[in-house]
Amino acid sequence: MSSSLLQGPVAVIGAGTMGIGIAQVAAAAGHNVLLFDVNVEASTRALTTLQQRLRQRVEAGKADANDTEQLLERIQVVTALSELAPCALAI
C-alpha cells in the first residue's frame, strides 16, 4: 500500500482518456480510486477497456498478473458525486 499522507481514496471525475489514465496511475501507486463520470456507461466502458489492456500486457509477459489484478481491484466506478465524499483528493 502507498505510504503517502492521503487518508482516503482518490476521486477521479471524468472517465475519458485522461481520467482513466489518472485512475490507473493512482491505483498503481497504491491508492484506492473512485471513478465518476456523469455518463455511467462511459465509466464502465473506460474501466473495461483498461482491464482488457492491462490483462493483454500480462498475457504478453509484460506485466505481473497479481500486481495487475491488485491495481484493477483498487479502481471502483461510482454513480453519484455524493459517493466521493470520503475522498482525500479529487482530480
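Residues count as buried when their relative accessible area is under 20%, as exposed when it is over 50%, and as partly exposed in between (1.4 Å probe, protein chains only). The structure is a predicted model, in which local features need pLDDT of at least 70 and side-chain atom pairs count only at pLDDT 80 or more, while totals for chains, interfaces and linings use all residues. Residues are numbered from 1 along each chain as its sequence is written, and side-chain values use heavy atoms, with hydrogens and water left out.

**View 1. Overall fold of the chain.** Of the 91 residues in the chain, 34% are buried. The chain contains 3 helices and 4 strands, taken as DSSP runs numbered from the N terminus (helices: H or I, at least four residues; strands: E, at least two). Their order from the N terminus is β-α-β-α-α-β-β. The C-alpha trace spans about 40 × 30 × 15 Å along its principal axes.

**View 2. The nonpolar cores.** A nonpolar core is a set of buried Ala, Val, Leu, Ile, Met, Phe, Trp, Tyr and Cys residues joined through side-chain atoms within 4.5 Å. The largest comprises 16 residues, and Val33 and Ile75 have the most contacts inside it. At least two residues of this core come from each of β1 (10–13), α1 (17–28), β2 (33–36), α2 (40–59) and α3 (65–73). Another core, of 6 residues, lies apart from it and includes Leu34, Val78, Leu84 and Cys87.

**View 3. Surroundings of isoleucine 75.** Contact means heavy atoms within 4.5 Å. With neighbours within four places in sequence left aside, isoleucine 75 is in contact with Ala23, Gln24, Ala27, Val33, Leu35, Leu47 and Leu50.

**View 4. Threonine 68 in helix α3.** Threonine 68 belongs to helix α3 and counts as buried because its relative accessibility is 8%. Residues up to four places away in sequence not being counted, threonine 68 touches Leu54, Arg55, Val58 and Ala63.

**View 5. Glutamine 76 in strand β3.** Glutamine 76 is part of strand β3 (residues 75–78). Its relative accessibility is 45%, so glutamine 76 counts as partly exposed. Not counting residues up to four places away in sequence, glutamine 76 touches Val33, Leu34 and Leu35. A separation of 7.9 Å lies between the C-alpha atoms of glutamine 76 and asparagine 32, which are 44 residues apart along the chain.
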